[in-house]
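Could you have a look at this one with me? I've jotted down a few points to go through with the model open.

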Amino acid sequence: PRISGVAPRVSASAAGQLPSLATRAGIVTLLNAIALASGLLLYRWLAALFGATETTDAFFLALVIPSLFIGPVLSTAAATLTPVLTECRINHPERVGPIVGSALLWSVIAAAAAAAVIGLLAPAGLEATGRVLSPTLRRLVVVNVVALLPLVVAQTASAILSIASNAAACLWLPPCALIARQVVTIVLAVGLHDRLGVLALPIAFSAGGVAQLAVLLALWRCTATRIQFGWRLRGELAEGLRRGVPLLIGTALLQLAVVVTRFLAAQLPPGNVTALDYATRIYAAVVDVAASGLLLVTLTDWSAVNARGDVAGLQLRVRHTVTLALFALVPVVVALYAGREPLVGLWLGRAGIDPALGAATAMTLGYLVLALPLEITGRIYSQLLVVRRVPWILAAIAAVRGTATVALAAALSGPLGVPGIGAAETLGLLVSAAALAGAAQRLAGHSLTETLVAGARLAMAGVGAWLAAHGAYAVLSGRTN
């Protein structure tokens, strides 16, 4: 019988795997940090070259339209294909090549069809927005969408190859390809700026996606996996696709909410869409640096543990992961929230952006950063639901989150501007994280109550330390008021 207050014992084999897991997660996190640093450098260059105007608003609006396909497909493929490939490598290694080939073939065909549909329907769809977008902004968005269509196919194919590479324990290849993509995008955006103006943005982004795919193909031999193309969907892949339908629906609903919030920002003065996107990019970079390596390695590890039928071991891993994530992230949240304005100022550098838009970007980032522990915890429990093959819960929770976010954004964007949209996204994430924790509690084998209480105490201690430091600085600088 289990004694309250006594931690469960960890077997010698499980204890021996923890350093290896931590090492792999650290390596992947470091490479992803380099890739994301190059991505932040890219957007810093964009801010310096293009500022925050109606033309940049048009580009960022256009960028979320192809994401209606790219986002759901990438998220679903990562969550469903990784367990399938991991289980096949353990039980049926000869099936890995055909599964990768079938997934790549069908995904590219679907991406090409989606790109054609987006290109055909985008003009009519934007025309239907009526007074939400000005005629000039609608025309600019259509031009950018057409120039971004190659990115749909290239990024989809890159996602499948990256997932297969990770499943083959070649974890360094995807971030290296991403670094190459960012470098190509920066070079082309800077080089084509004088000739093409703002049109250089979609062209550079599409070319960067093609460069990422080229690097993955050139170094694919390092994965020791021979791709065998075929039309047949093997049993494991077909089952994975069926399990992925709820994830696809849920992610599509969330991506649709993102599109709606961008259009809400477009009703504000010019430059606000760009300010919202800049704040979101910084937040996404923090999320990826904090969790990309951990989530990637744990998904592969949990899939292997689940394939062996070790439910107790899986629950122990989930508990340790949630606890580690919460205690590691709370100080990060406090530091980022306190330093959001200097961080945005440092990132934007000498960009010719209206100071009011810069302040709005910092305030929006502050609201988003508050949701960081919720974001990571939600992703951890989402992975658990995927591994345990109960993904329909995710679709329902995504629908609730998307609806709450859009409703709150519509209500708050008027009085608060772009920061209101950031606050709406944080509140929507709070609802979904609570629902996920409740839904996954039985599968995880523990309750979050004690961990959340400890995390809240740590957060209050961090806030108290920040207030004390801020007060001391004010006294020493003579600003006693």
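This is a predicted model: local features need pLDDT of at least 70, side-chain atom pairs count only at pLDDT 80 or more; totals for chains, interfaces and linings use all residues.

Here are my notes, point by point.

1. Helix 5 (residues 135–167) packs against helix 7 (residues 200–218) at an angle of about 20 degrees, and their axes are 8 Å apart. With angles under 35 degrees counted as roughly parallel, helix 5 and helix 7 therefore run roughly parallel to each other. The crossing of helix 5 past helix 7 is left-handed. On the helix 5 side, the residues making the contact include Asn 144, Ala 147, Leu 148, Leu 151 and Ala 154, with Ser 158 and Leu 161 also among them. Helix 7 contributes, among others, Pro 202, Phe 205, Gly 209, Val 210, Leu 213 and Leu 217.

2. Have a look at Arg 262, in helix 8 (residues 235–266). Arg 262 is buried, yet it has no salt bridge. Asp 277 is the nearest side chain of opposite charge, 4.1 Å away, while a salt bridge needs the side-chain nitrogen within 4 Å of a carboxyl oxygen. What else does Arg 262 touch, leaving aside neighbours within four places in sequence? Besides Asp 277, its contacts are Leu 61, Val 64, Val 273, Leu 276, Thr 280 and Glu 425.

3. One for the backbone check: most residues other than glycine have a negative phi. Ala 224 is not a glycine, but its phi is positive, about 55 degrees. You'll find Ala 224 in the loop between helix 7 and helix 8. Is it buried or exposed? Ala 224 is exposed, at a relative accessible area of 72%.

Terms used:
Residues are numbered from 1 along each chain as its sequence is written. Side-chain values use heavy atoms; hydrogens and water are left out. Helices (H or I, at least four residues) and strands (E, at least two) are DSSP runs, numbered from the N terminus. Buried means under 20% relative accessible area, exposed over 50%, partly exposed in between (1.4 Å probe, protein chains only). Lys and Arg count as positive and Asp and Glu as negative; His and the chain ends are not counted. Contact means heavy atoms within 4.5 Å. Axes are lines fitted to C-alpha atoms, for helices over the stretch in contact, and angles run from 0 to 180 degrees between N-to-C directions. Angles under 35 degrees count as roughly parallel, over 145 as roughly antiparallel, 65 to 115 as roughly perpendicular and the rest as oblique. A crossing is left-handed if the near helix is turned anticlockwise from the far one by less than a right angle, and right-handed if clockwise.
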